[in-house]
Each structure stands twice: as structure tokens, then as C-alpha cells.
Amino acid sequence: STRRFIVARILLMITSEGAPMMFQATKFLLLLIGLFFGGGASVLMYGFTQSALFRIVMIAGASFYIPELVVMFLAKKRKETIFLGLPDALDLMVVCVEAGLGLDQAMRKVAEEMKKSYKNIAHEFGMCNMQLQMGRARTQVLQELGARSGVDDLKSLASILIQADKFGSSIAQALRVQSEAMRTRRAQIAEEKAAKTAVKLIFPLVLFIFPSTFIVLCGPTIIELMNSPLFK
């Protein structure tokens with residue numbers, strides 16, 4: 001579909017070698033656009049005054065930092081999707097390892113099976129498979145997996161896999177323990193958010209619901225009092 005094609009193109013652009021140069025070029029282009037449109041509008045409205053110059057600088061500065069805000073938002077959403085989908089990926093890796101597959105084949109299977117549900121995890125494991133096929137050391141690939149994503153749970157997973165590969169311990173058992181720990185943490189975060197719901201509801205209740213309820217309940221009484229002889 002068109003949406004998947006756009007998402008794939010954006011992902012390819014972000015992970016390409018020219019992404020930093022494209023990012024800086026986008027910032028410079030938006031700076032010029034902010035100067036042109038913001039400066040033109042400010043000059044037409046206020047003329048060549050100090051207020052117009054201040055508005056031009058503010059609009060240009062805001063336009064310059066828009067790409068950074070967008071990248072921060074995308075990075076936050078990407079980390080969140082990786083965090084939420086990692087326990088399922090580990091469960092699939094456990095099944096693959098216990099079925100007799102090696103770690104490399106299990107990572108490849110996860111990358112293939114999770115393309116539709118969790119694209120970011122599939123992309124990360126796909127990059128690991130590509131690097132392993134190019135002949136890079138598994139330890140280095142796993143270390144870069146944890147550092148590249150920026151997700152603490154994925155860093156912990158990489159460390160556990162490195163230790164299991166180094167000391168020859170059971171990879172399936174390590175993955176199962178890590179998956180249970182991640183699911184427990186995810187449940188704790190959900191419980192914490194649910195506990196904060198009551199506090200967050202106070203502000204909309206006070207600002208929107210209580211005034212309307214007060215008007216509905218007390219409005220007729222106030223109207224009758226205003227029409228009574230006491231107020232005439």
C-alpha cells in the first residue's frame with residue numbers, strides 16, 4: 001500500500017549514509033523558508049521595525065529546530081514500539097532456539113516473521129543478520145545492536161546474548177528469563193499509568209465537567225431567583 005511504501009522510504013532515508021547531510025540540509029532549507037515567509041509577513045504587517053526583526057528571528061529559529069523536534073518524536077515512538085514488541089520477539093527466538101536453530105537463524109526468523117507487527121524490531125534484527133553475513137564478529141554486532149537502538153532492554157538483551165555465547169550457557173534459558181523480566185516491567189508501567197489516571201482526571205473535571213454540571217443543576221434556580229420580586 002501507499003502508507004507502507006512511504007514508511008519504508010522514510011526508514012530507508014533515516015538509516016542511509018547520507019541521513020546526517022540530509023538532516024542538516026533540511027534544517028537549512030527550513031531556515032530559509034522561515035526567513036522568506038516569516039520575514040515577508042512581518043515586514044508587510046509591521047514594516048522595517050525592531051518588532052518585525054524580532055519576529056523574523058523567532059520564526060526562522062523555530063523553523064530551524066523543527067527537524068530536531070520531528071526526529072526526537074520519531075525516536076521516542078521508535079523506542080516505545082521496540083520496548084513493547086521485544087517480549088514477543090524474545091518468545092519467538094526461544095521457540096526457534098529450542099527447535100534447534102542457532103542464534104543467527106533465530107534472529108533471521110524473527111526479522112522475517114515480525115515485519116508486519118513490529119517493523120522496527122524486524123529492521124534491527126535484519127541489520128544484525130546482514131552484518132553477520134558480511135563476516136563481522138557476533139559480539140561486535142550485538143554490541144552495536146544495543147547501542148544503535150537506544151533501548152535499555154535491548155542493550156541488556158545484547159549483553160546477555162554476548163555472555164551466553166562467550167561462556168556457552170543456554171541461550172534459550174537466558175532469553176526466557178529476559179522475556180519474563182520485560183513482560184513484568186511492561187505490566188508495572190501499565191499499572192503505574194493506571195494509578196496516575198485518577199490524578200490526571202482532576203484537571204478536565206475541574207475545568208470542563210464541574211462548571212457544566214453546576215450550570216445544569218443551579219441554572220434554573222438562579223433564573224427563578226433573578227425573576228423573583230426580591231431582585232426587582
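Predicted model: local features only at pLDDT ≥ 70, side-chain atom pairs only at ≥ 80, totals over all residues.
A salt bridge is taken here as a side-chain nitrogen of Lys or Arg within 4 Å of a carboxyl oxygen of Asp or Glu. By that criterion the side chains of Glu113 and Lys109 meet in a salt bridge, with an N to O distance of 3.4 Å.

| Pair | N to O distance |
|---|---|
| Glu80 and Lys77 | 3.9 Å |
| Glu113 and Lys109 | 3.4 Å |
| Asp153 and Arg185 | 2.7 Å |

Glu113 and Lys109 both belong to helix α4 (residues 103-113), where a spacing of four residues separates them by about one helical turn. Glu113 is partly exposed at 47% relative accessibility, and Lys109 is likewise partly exposed, at 34%.

Glu80 and Lys77 lie in helix α3 (residues 50-98), three residues apart, which is about one turn of the helix. Glu80 counts as partly exposed with 34% relative accessibility, while Lys77, with a relative accessible area of 41%, is also partly exposed.

The salt bridge between Asp153 and Arg185 links distant parts of the chain, given that Asp153 sits in helix α7 (residues 152-167) and Arg185 in helix α8 (residues 171-200), 32 residues apart. Because buried means under 20% relative accessible area, Asp153 is buried at 8%, whereas Arg185 is partly exposed at 36%.

Conventions: Residues numbered from 1 in each chain as written. Heavy atoms only, no water. Helix = DSSP H or I, 4+ residues; strand = E, 2+ residues; numbered from the N terminus. Buried < 20%, exposed > 50% of the residue type's maximum accessible area, 1.4 Å probe, protein only.
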